Each structure stands twice: as C-alpha cells, then as structure tokens.
Amino acid sequence: MSWSLFAKQTPPGQILRYDLEERAVHWVVALTCVYLILTGLGLHAPSLFWLMGVLGGGQVARIWHPIVGMSYFVSLIWMWKLWHKDLKPSEPDAAWMKSVLFYMANRDEHLPPTGRWNPGQKMFFWMMLMAGFALVLSGAILWFPERVPWSWKWVRFMAILIHSAAAVASIGGLLLHIYMGSAFVRGGFEQMITGHVSREWAEHHHRLWYMDQAGQEKRRETPD
C-alpha cells in the first residue's frame, strides 16, 4: 500500500470504492460490535467472565456495554444514511440469486453483473440493522429493569430472549463478514483500509457499479 490513506487522488489503475467517511463509519461499527460481543459474552456466560479482566473488570463492562451499544446503533444508522440508496433491491438481484451457487463456489465469472453490492451483501446489512434495532430496544429494558412493573415481568423475559437471539445473529453475521471480506473474496479487506480497488477487481465482482463509475469519470473528463 504505497499510497496515503487520505489521498485525494485515485492511484493509477485503481478506482475509489469507499471514501474516508464510509471507511470511518465502517470501522466504528466494526470495533464497537467486537467490544459488545466480548463484553456481552463475559456478562452472559460465567465460563467467559475472564474476558472482563481483559476489558477493565465486570463493573466497568456493565457501565460501558450499554453506552457503546448506543454508539454502535447510531453508527449503523449513519451507515444506512450513507448507503441506503445502493442497498435497495434492484432488478439484477433476482438473476443473481438464481445463480448464487456460483458465488458460493467462488466462481464469480458465471454470475450476472451486480451493482455496488450483491444481494447477499445487501441482506447481510439489513439483517445487522434489524438485529441492531432489536438489541437497542431490548437492551433499553435490560438497562433500566426497574422501570418495568413487576406485573409486566414477561416483558423482561422477552427482552432477555430477544437480546440473546439478536446477539447470536449479530455474532454469526460478523464472523461470516470477516471470513468473506478477508479470505473468501480476495481484495475485500484492503478496500476498507485504502478505499481503493483495482479496476479489474471492480469489473469482475461488481460490473454494473464499475460501468457506472467509469461512465461518470468519462463525463467528467469530457469538456463541455
């Protein structure tokens, strides 16, 4: 990586996939999610309470877990604001889903062209966002249990169940995302560091998005 992370010009042979703001919000979401998983596991499972020693102690984790949880949720909303237009279902998505076995076999050359994100990536985001809503709503009840009347104790039990289920979904989604971005799809991790991908990578994995970006570049370069 010979170019600066904050470079304003795209290196030769590269195309900008994520700008600085997009990369920043991605890493805020990622780091807060990891912290919440570790503290949540430590608080939930006695066999994993040793994690609290690494994270400042049980009392510290109890204070910071809900605060970081709110930061995580706000960052997810920020991410949605940046990306929601590209995350909408589109007509090419149906054809891509019919060929999803080629994607699972890492044979993208047989897949129909997609936009900035393929349907699998879109579903992952919406799943994490919905899980985030479930976590923050159930977490608010668990944060202030004294506000829930004892006659409504079923609300507390449902909050525990929903919080646990949403946490499991988020953990599974994060692990899958890390694997897909670092091992399954080559070049996936680097783009969240530098913001750039090669033009060959963009055309191979997200052809419709690449063609749109190339068309915009050509129009900017063409004098009026």
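User: Which side chain meets E22 in a salt bridge?

Analyst: That would be R116, with N to O at 3.0 Å. A salt bridge here is a side-chain nitrogen of Lys or Arg within 4 Å of a carboxyl oxygen of Asp or Glu. Before we go on, this is a predicted model, where local features need pLDDT of at least 70, side-chain atom pairs count only at pLDDT 80 or more, and totals for chains, interfaces and linings use all residues. Residues are numbered from 1 along each chain as its sequence is written, and side-chain values use heavy atoms, with hydrogens and water left out.

User: Where in the chain do E22 and R116 sit?

Analyst: Helices are DSSP runs (H or I, at least four residues), numbered from the N terminus. E22 is in helix 1, while R116 is in the loop between helix 5 (100-104) and helix 6, so the pair links parts of the chain 94 residues apart.

User: Are E22 and R116 buried or exposed?

Analyst: Buried means under 20% relative accessible area, exposed over 50%, and partly exposed in between (1.4 Å probe, protein chains only). Both E22 and R116 are buried; R116 counts as such because its relative accessibility is 10%.

User: Which other residue forms a salt bridge with R116?

Analyst: D86 does, with the closest N and O atoms 3.4 Å apart. D86 lies in the loop between helix 3 and helix 4 (91-98), 30 residues from R116. At a relative accessible area of 31%, D86 is partly exposed.

User: How many salt bridges does the rule give?

Analyst: The count comes to three. As for shared partners, E22, D86 and R116 are joined into one network.

User: Let's turn to helix 3. How many residues does helix 3 have, and what span is expected?

Analyst: The expected span of a helix is 1.5 Å times one less than its number of residues. Helix 3 (residues 58-83) has 26 residues and reaches 36 Å from first C-alpha to last, close to the expected 38 Å.

User: Where does helix 3 bend?

Analyst: A bend is the angle between axes fitted to the seven residues ending at a position and the seven starting there. In helix 3 the bend is about 30 degrees at W64, and the proline P66 follows within four residues.

User: Which residues of helix 3 are buried, and what covers them?

Analyst: In general, an α-helix has 3.6 residues a turn, so residues three or four places apart point the same way. Among the buried residues of helix 3 are A61, H65, V68, Y72, L76 and M79. Their cover, judged by contact (heavy atoms within 4.5 Å), includes helix 1 (20-44), helix 6 (119-143) and helix 7 (153-184).

User: Which residues form the nonpolar patch on the surface?

Analyst: Patches take residues with over 30% relative accessible area and no salt bridge; like charges are joined within 9 Å, and nonpolar side chains (Val, Leu, Ile, Met, Phe, Trp, Tyr) within 5 Å. Here V60, I63, W64, I67, M70, W143 and F144 form the patch, with about 630 Å² of accessible area together (Shrake-Rupley method, 1.4 Å probe, only the protein chains shown counting as cover for residues). Helix 3 gives the most, with five residues.

Key: Helix = DSSP H or I, 4+ residues; strand = E, 2+ residues; numbered from the N terminus.
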